[in-house]
Amino acid sequence: MLNPQVVQELVDSLEAPFVIELVNTFLEDSPQLIDEIHQGIQDNEPEQVHRAAHTLKSFSKTFGLEQLGSLCQGLEKLSAHGELSEGTKSAAKDTEAAYRPARQALADLRQELVPVRAPSSRPREN
């Protein structure tokens, strides 16, 4: 799911706290992007689909989510021509199906990157 080499390079270059912020941004923003793809298909708005797929592709490639990134890239290309075909609708469904495990993989990564904190050792009150 996640390309471990891409993740390690990201952590090495940006350090874990900033990578956690990036993951949080993905987890917060990506549901809206999936909704925009759905709505764009429903409303026959190829530009909306194209824009949301492009943004989700960029997020995906940042974290090495290769399957999701590739599907988004395909959806981006299919919607770039100003019309939405049955192939575009199918690609949108495939993208949404790949999104769920990708989102979970990033949530798991965030947990791995959060430092384990020891219980606070507050002095006892007498």
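Does threonine 95 count as buried or exposed, and at what relative accessibility? Threonine 95 counts as buried, because its relative accessibility is 1%. Buried stands for under 20% relative accessible area, exposed for over 50%, and partly exposed for what lies in between, with a 1.4 Å probe and protein chains only.

This is a predicted model, in which local features need pLDDT of at least 70 and side-chain atom pairs count only at pLDDT 80 or more, while totals for chains, interfaces and linings use all residues. Residues are numbered from 1 along each chain as its sequence is written, and side-chain values use heavy atoms, with hydrogens and water left out.

Stay with threonine 95. Its place is in helix H5, residues 86-113. Helices here are DSSP runs of H or I with at least four residues, strands are runs of E with at least two, and both are numbered from the N terminus. The threonine 95 side chain reaches the backbone oxygen of alanine 91 at 2.8 Å. Leaving out residues up to four places away in sequence, threonine 95 touches Leu56, Leu68, Leu71, Cys72 and Leu75. Contact means heavy atoms within 4.5 Å.

Asparagine 3 sits in the segment before H1. With a relative accessible area of 19%, asparagine 3 is buried. Its side chain makes a polar contact with the side chain of glutamate 66, at 2.5 Å. A polar contact is a pair of N or O atoms within 3.5 Å; within protein, one must be able to donate a hydrogen and the other to accept it, and residues adjacent in sequence count only if both atoms are side-chain atoms. Asparagine 3 touches Phe63, Gly64 and Glu66, again not counting residues up to four places away in sequence.

Next comes helix H1, residues 4-14. Serine 13 lies in H1. Serine 13 counts as exposed, at 54% relative accessibility. A polar atom of the serine 13 side chain lies 3.3 Å from the backbone oxygen of leucine 10. Serine 13 and phenylalanine 26 are 13 residues apart in sequence, and their C-alpha atoms are 19 Å apart in space.

How do the helices pack? Take H1 and H2. Their axes come within 7 Å and cross at roughly 120°. Axes are lines fitted to C-alpha atoms, for helices over the stretch in contact, and angles run from 0 to 180 degrees between N-to-C directions. H1 and H2 are therefore oblique to each other. Angles under 35 degrees count as roughly parallel, over 145 as roughly antiparallel, 65 to 115 as roughly perpendicular, and the rest as oblique. Leu10, Val11 and Leu14 in H1 meet Ala16, Phe18, Val19 and Leu22 in H2. The residues of this contact divide into seven nonpolar, no polar and no charged. Here Ala, Val, Leu, Ile, Met, Phe, Trp, Tyr, Cys and Pro count as nonpolar, Asp, Glu, Lys and Arg as charged, and the others, Gly among them, as polar.

H1 also packs on H3. The angle is about 85°, with the axes 7 Å apart. H1 and H3 are therefore roughly perpendicular to each other. Val6, Val7 and Leu10 in H1 meet Lys61, Thr62 and Phe63 in H3. The contact residues divide into four nonpolar, one polar and one charged.

The next pair is H2, residues 16-42, and H3, residues 46-63. Their axes come within 9 Å and cross at roughly 150°. H2 and H3 are therefore roughly antiparallel to each other. Their contact residues comprise 13 nonpolar, six polar and two charged.

The loops remain. Most residues other than glycine have a negative phi. Glutamate 15 has a positive phi, near 75°. Glutamate 15 lies in the loop between H1 and H2, and is exposed, with a relative accessible area of 54%. Asparagine 44 has a positive phi of about 55° although it is not a glycine. The loop between H2 and H3 holds asparagine 44.

Finally, leucine 84 lies in the loop between helix H4, residues 66-79, and H5. Leucine 84 is buried, at a relative accessible area of 14%. Residues touched by leucine 84 include Asn44, along with Gly40, Ile41, Glu45, Pro46, Val49 and Ser79, not counting residues up to four places away in sequence. Leucine 84 and glutamate 47 are 37 residues apart in sequence and 9.8 Å apart in space, C-alpha to C-alpha.
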